[in-house]
Amino acid sequence: MDAFGWEPYHQAVAPLVLAHVAISPLDGPPLTSFSLRLSAEAVRKLIFIRSDLKERPWAAVTYMFLHADSHHLTGNCMGLVACGAVVHRRLGAAGLWGFFLLGGVGGVLDPLGLTARQLTHSFRATLAPEWLVGGDTVKEWFPRAADWWVDQATRLGGLVAPSVAARRGCIGSSAGVTALAGAGTAIVLEELLTTTRDLYREYTGYSRRIIVLRHAGDAAVLTVKLVGLLGTHVLTEMAELESGQSWGVSHAGHLSGFACGFCGMAGVLAVSAAQRWGQHPRRR
């Protein structure tokens, strides 16, 4: 802890938070006195649009620091602070910043191809809303017609979704935040597996009981954390994506960011484990 009473994690995450609040939300008043109000031309240069990626490759990073309103901005800042601690504990400030940026870039490049899928469901939900095709009267009297209309709406959405996704603007750092959550999930899973392994180590007598009790409690806590992370950042996002009810929220970007963070951290942990295994003395 330094003279200002800041923990190392606070020192690491503070520059990212300041970078967020340094730019005023596009709609609404600035959060701080030093927040910059960008012109429409500057916003067009910083916002990410996939069809313009070759002309403005930097937008894959700069879009993360643009936010729609104060709720969007404060929500991402709070998520950043909450999700980054586990990553910082394992990899320090460089790991925190690296995984945040990795998730932001991965979220808009969409390696899983989920953006078109979300737009397809959104078109389907708009053209064939539940109140129109899901009512008891419609299902009873026109079941085939309702199913046919849902199929046609889904097909039409699948046709237009790729072109819409290529021209759709993206703002906000949610994908970077979910990448930190994904990386934290990988760390918690690794700690859970390590703790479970320790449960089966050979101890004798009283020592065995003490070790089992201590690690069993640790395993239970880690399991709760793991379930909470997966439930919040994967299952909820998938349900929202499939529902097609959120035009303005990129659940596809959130899931892609989470996947980038999880897979990236899993790779880091695997390399670290291989290095430790290689340094372990062997019997001859």
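**View 1. The largest nonpolar core of this predicted model has 33 residues.** Look for Leu80, Leu96, Phe100, Leu180 and Met265: these are the core residues that touch the most other members. The elements that each hand two or more residues to this core are helix H1 (8-21), strand S1 (48-49), helix H3 (59-62), helix H4 (70-109), helix H9 (174-199) and helix H11 (251-279).

**View 2. Zooming in on Phe100 and its contacts.** Skip the neighbours within four places in sequence, and here's who Phe100 is in contact with: Leu16, His20, Met64, Phe65, Leu80, Ser173, Gly176, Val177 and Leu180.

**View 3. Helix H1 has a kink.** The bend is about 30° and sits at Ala14, shortly before the proline Pro15. Even so, the 14 residues of H1 reach 21 Å from first C-alpha to last, close to the 20 Å expected at 1.5 Å a residue. Which residues of H1 are buried? They are Tyr9, Ala12, Val13, Ala14, Leu16, His20 and Val21. The buried residues of this helix pack against H4.

**View 4. His121, a residue of helix H5 (residues 114-127).** Is His121 buried or exposed? Its relative accessibility is 15%, and the cut-off for buried is under 20%, so His121 counts as buried. Its side chain makes a polar contact with the side chain of Glu242, at 2.9 Å. Leaving out residues up to four places away in sequence, His121 touches Leu241, Glu242 and Gly244.

How values were computed: Residues numbered from 1 in each chain as written. Predicted model: local features only at pLDDT ≥ 70, side-chain atom pairs only at ≥ 80, totals over all residues. Heavy atoms only, no water. Core = buried A, V, L, I, M, F, W, Y, C linked by side-chain atoms within 4.5 Å. Buried < 20%, exposed > 50% of the residue type's maximum accessible area, 1.4 Å probe, protein only. Helix = DSSP H or I, 4+ residues; strand = E, 2+ residues; numbered from the N terminus. Contact = heavy atoms within 4.5 Å. Expected span 1.5 Å × (residues − 1). Bend = angle between axes of the 7 residues up to and from the residue. Polar contact = N/O pair within 3.5 Å; in protein donor to acceptor, adjacent residues only side chain to side chain.
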